[in-house]
Amino acid sequence: MVSANDRVTELDRAELAEPDPQRPDRRWFVWFLSALALNVMGIFWLAVRADSPESLRNVLDVLMQSAIGIAVAVVAFRALTYFPYRTSDLMIMVLVLSLAMKLTLSVLQRFAAIGLLHHGFASGDHLGELVQTCMITGSILIGGGAFALRTCQKLEIQRPLPRAVALVAGMLSLPAAAGTLVFGLLIFVEVIRAKPDYSYTPMFAALWLGSIGLSLVNVTNMGRMLMLRAVVSAKDHLAR
């Protein structure tokens with residue numbers, strides 16, 4: 001027997017699933033106004049920067065790059081709140097973020113040392129670029145954390161150790177996928193050089209193996225979710 005509260009919930013879901021065509025969608029309107037405001041602010045910032053002295057341009061660049069990084073971080077945090085999480089999940093995420101920031105700065109310094117970046121990139125003269133890089137890196141990790149929480153929810157991963165592994169692998173899903181290719185290429189290029197310098201090879205090898213391991217965990221979880229979706233779809237088809 002269906003209660004009155006269940007009927008109200010079903011009506012609310014139907015209304016959300018089939019919005020009234022006569023009523024404009026406010027979310028799209030808000031997004032349009034936000035994009036318009038960002039364009040106006042960007043034009044104003046470019047005008048101010050063009051008429052500013054060289055010393056002030058560096059400050060404006062830092063502010064703009066920091067604002068872009070903060071905007072990306074806000075979107076990532078917004079995605080994180082869509083899924084249930086525990087206090088232990090947040091502690092793991094904070095730990096991964098802090099270690100990832102340290103590793104990001106170390107990798108940038110190594111890239112600058114071997115010539116992949118200009119030598120002054122990891123210095124204080126390029127503070128804006130460093131802040132933006134760290135903010136975007138953190139946002140990618142937080143977005144991966146949202147993906148990991150969704151994985152834990154769909155697969156009902158409740159035990160602490162498997163949940164922690166899924167969270168770490170999910171947060172590092174995009175960096176691990178990129179690292180599997182990038183660090184492998186760096187090792188290959190270092191080996192085929194006429195005068196190879198193996199001082200950075202152990203670090204690149206460790207990062208490459210770690211990237212492969214994390215990618216395997218993510219592929220396994222994605223395969224399990226696809227199988228679960230197929231089973232649910234088959235059951236729904238049989239029920240009909």
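**A chat about the model**

Modeller: About 30 Å³ of space lies in the largest cavity. One thing to keep in mind is that this is a predicted model.

Biologist: OK, and how many cavities of 30 Å³ or more are there?

Modeller: The count comes to one.

Biologist: Which residues line the largest cavity?

Modeller: Its lining is made of Leu 186, Ile 187, Glu 190, Asp 197, Tyr 200, Thr 201 and Phe 204. The elements giving two or more residues to that lining are α7 and α8.

Biologist: Which element gives the most there?

Modeller: That's α7, with three residues. By class, the cavity lining has four nonpolar, one polar and two charged residues.

Biologist: Let's zoom out. How many helices and strands does the protein chain have?

Modeller: There are eight helices and zero strands. Read from the N terminus, the elements go α-α-α-α-α-α-α-α.

Biologist: And what share of the residues is buried?

Modeller: Buried residues make up 26% of the 240 residues in the chain. As for contacts, take those between residues at least 6 apart in sequence: 71% of them join residues at least 24 apart.

Biologist: Now pockets. How much space lies in the largest pocket?

Modeller: About 770 Å³. The largest pocket has 27 lining residues, and Leu 103, Thr 104, Thr 137, Pro 175 and Phe 183 are the ones nearest its centre. Two or more lining residues come from each of α4 (87-113), α5, α7 (173-192) and α8 (201-239).

Biologist: Which of those gives the largest share?

Modeller: α4 does, with eight residues.

Biologist: What about classes in that lining?

Modeller: The lining of the largest pocket has 21 nonpolar residues, six polar ones and no charged ones.

Biologist: You mentioned Thr 137. Is it buried or exposed?

Modeller: Thr 137 is buried, because its relative accessibility is 18% and the cut-off for buried is under 20%. Thr 137 lies in helix α5. Leaving out residues up to four places away in sequence, Thr 137 touches Met 101 and Thr 104.

Biologist: And the second largest pocket, what's its volume?

Modeller: The second largest pocket has a volume of about 380 Å³. It is lined by 14 residues, and the closest to its centre are Leu 38, Met 41, Ala 67, Ile 68 and Ala 71. The elements that give two or more residues to this lining are α2 (26-50) and α3. By class, the lining divides into twelve nonpolar, two polar and no charged residues.

Biologist: Tell me about α3 then. How many residues does it have?

Modeller: Helix α3 runs over residues 54-80, so to speak a stretch of 27 residues. From first C-alpha to last, α3 reaches 39 Å, close to the 39 Å expected at 1.5 Å a residue.

Biologist: Which residues of α3 are buried?

Modeller: They are Leu 60, Asp 61, Gln 65, Ser 66, Gly 69, Ala 73, Ala 76 and Leu 80.

Biologist: Why would residues three or four places apart point the same way?

Modeller: An α-helix has 3.6 residues a turn, so residues at that spacing point the same way.

Biologist: What does Ser 139 contact, neighbours within four places in sequence aside?

Modeller: Ser 139 is in contact with Gly 69, Val 72, Ala 73 and Ala 76. Gly 69, Ala 73 and Ala 76 are among the buried residues of α3. Ser 139 itself is found in helix α5 (residues 127-155), and it counts as buried because its relative accessibility is 5%.

Biologist: Back on α3, is Leu 63 buried or exposed?

Modeller: Leu 63, which is found in helix α3, counts as exposed because its relative accessibility is 53%. The C-alpha atoms of Leu 63 and Gln 132 are separated by 9.7 Å, and the two residues are 69 apart along the chain.

Biologist: Last topic: how many salt bridges does a search of the whole structure find?

Modeller: It finds one. Asp 89 pairs with Arg 163, and the closest N and O atoms are 2.9 Å apart. Asp 89 is in helix α4 and Arg 163 in helix α6 (residues 160-171), so to speak distant parts of the chain, 74 residues apart.

Biologist: Are those two buried or exposed?

Modeller: Asp 89 counts as buried because its relative accessibility is 1%. Arg 163, at 7% relative accessibility, counts as buried too.

Conventions. Residues numbered from 1 in each chain as written. Predicted model: local features only at pLDDT ≥ 70, side-chain atom pairs only at ≥ 80, totals over all residues. Heavy atoms only, no water. Helix = DSSP H or I, 4+ residues; strand = E, 2+ residues; numbered from the N terminus. Expected span 1.5 Å × (residues − 1). Buried < 20%, exposed > 50% of the residue type's maximum accessible area, 1.4 Å probe, protein only. Contact = heavy atoms within 4.5 Å. 1 Å grid on protein atoms, 1.4 Å probe; cavity = no way out; pocket = protein on both sides within 12 Å on 5 of 7 lines; lining within 4 Å. Points joined across faces, edges and corners; volume = space filled by probe spheres on them. Nonpolar A, V, L, I, M, F, W, Y, C, P; charged D, E, K, R; others polar. Salt bridge = Lys/Arg side-chain N within 4 Å of Asp/Glu carboxyl O.
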